[in-house]
Every structure is written in C-alpha cells, then in structure tokens.
Amino acid sequence: MRVGICSDTHDNLDLARGAVETFEDAGVETVLHCGDVVSPFTANVFDSGFEFHAVRGNNDGEWNLQSVIESFGTYHGDCATFEFDGASVALYHGTNETLVDGLVDAGTYDYVFRGHTHQRTYEERGDTVHVNPGGLPIPGADDTYHVALLDTEEEEVAFYEV
C-alpha cells in the first residue's frame, strides 16, 4: 500500500494541488495531512480519489475546516493512529516537541508522521521512523515544498519535491 504524507500547506493552493497531483501520479490509496491546512478552500483541493485524513495544526483556526474535510475525508482533531498493512502509524501536527519525542520513543509505532517545523526530517530512532515531510517554505527551514510517500510493502519512505 502507498500512503501519501503532507503538512503545512498554509493555504498555498499551488502547493496543495501539486501535492495532490504527486499523490495521484504515485497511486496512493490514503493521504495523511499533518495539519495546518488552514482554510476550507485549501482542504477542498484534497477531495480526490484517495482516502483523506487530517489532524489539527496550530494555524487551523477556521471553524468550518472540520466539516469541509469530513464531507470527503476524516478530521481527527489533535492526533490519530492508523494501521496500514501491519504498519502502525501515529499522526500529530508536532506543536509540542515533548509529545513528538514521546510518540517516537515509546516504541509503540513503526512510523510517527508530524509537521509544524516546515523542516523535512527522516530519523530512525529504535524501531520507529520519525518523518516530517516538510512544509510551505519559510526562513530557517526547507526552501522547497516536499511530500512523503510510505510504501508499506517495501517499508520505505521517499520524499518528492512539489
């Protein structure tokens, strides 16, 4: 199974559309958004042929965001857990680094996907892989936008520039 992971689109429609195009081209079945979609008009871009899940980011203040996402996907609030082909996954925006470290260090999950820092990250810690796909380019973080793809059969995570 192929799972797409993105974060911190911050109402940039071009990047959101690019992420969706990348996921469609890769044949993903499910997309996980690590938060900071921001507005309903950006969420609508993710209404595509894949299953969509999102968690709340610290900039997701629009009241209607949850109902728009739930019209085509699932809005989980602060965090969510999944199992894909036997791979356990935690999804959290990442606002609190202590909580991120707790999720990663607990050893409960094969993968912890998070956002918030806008910094692309791949880190193996024990039996857990900690991934931040990156976000809207900001000073001090990545200068290009990336998404990640998890291939559960190959047990690999790859990054794609959008």
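**View 1. Strands β1 and β10 pair up in the antiparallel sense.** Four bridges link β10 to β1, which covers residues 2-6. This is a predicted model, so keep that in mind for every view here. To spot one of the pairings, find V3: its bridge partner in β10 is L150.

**View 2. On to β10 and its hairpin with β11.** These two strands run antiparallel and are joined by six bridges, with β11 spanning residues 156-161. Look for D151, whose bridge partner in β11 is E156. Four residues sit between the strands of this hairpin, and E155 takes a positive phi near 55°.

**View 3. How enclosed is strand β10?** Count along residues 146-151 and you'll find that five of the six are buried, so the strand is largely enclosed by the rest of the structure.

**View 4. Here's the largest nonpolar core, with 24 residues.** F23, F46 and F52 have the most contacts inside this core. Elements giving two or more residues to it are α1 (13-26), β3 (51-54), α3 (65-70) and β10. The biggest giver is α1, with five residues. In soluble globular proteins, nonpolar side chains tend to be buried together.

**View 5. Zooming in on F46.** Skip its neighbours within four places in sequence, and F46 is in contact with C6, T9, A16, A19, V20, H33, F52 and F72.

Technical notes. Residues are numbered from 1 along each chain as its sequence is written. This is a predicted model: local features need pLDDT of at least 70, side-chain atom pairs count only at pLDDT 80 or more; totals for chains, interfaces and linings use all residues. Side-chain values use heavy atoms; hydrogens and water are left out. Buried means under 20% relative accessible area, exposed over 50%, partly exposed in between (1.4 Å probe, protein chains only). Two strands pair if DSSP finds at least two bridges between them. A nonpolar core is a set of buried Ala, Val, Leu, Ile, Met, Phe, Trp, Tyr and Cys residues joined through side-chain atoms within 4.5 Å. Contact means heavy atoms within 4.5 Å.
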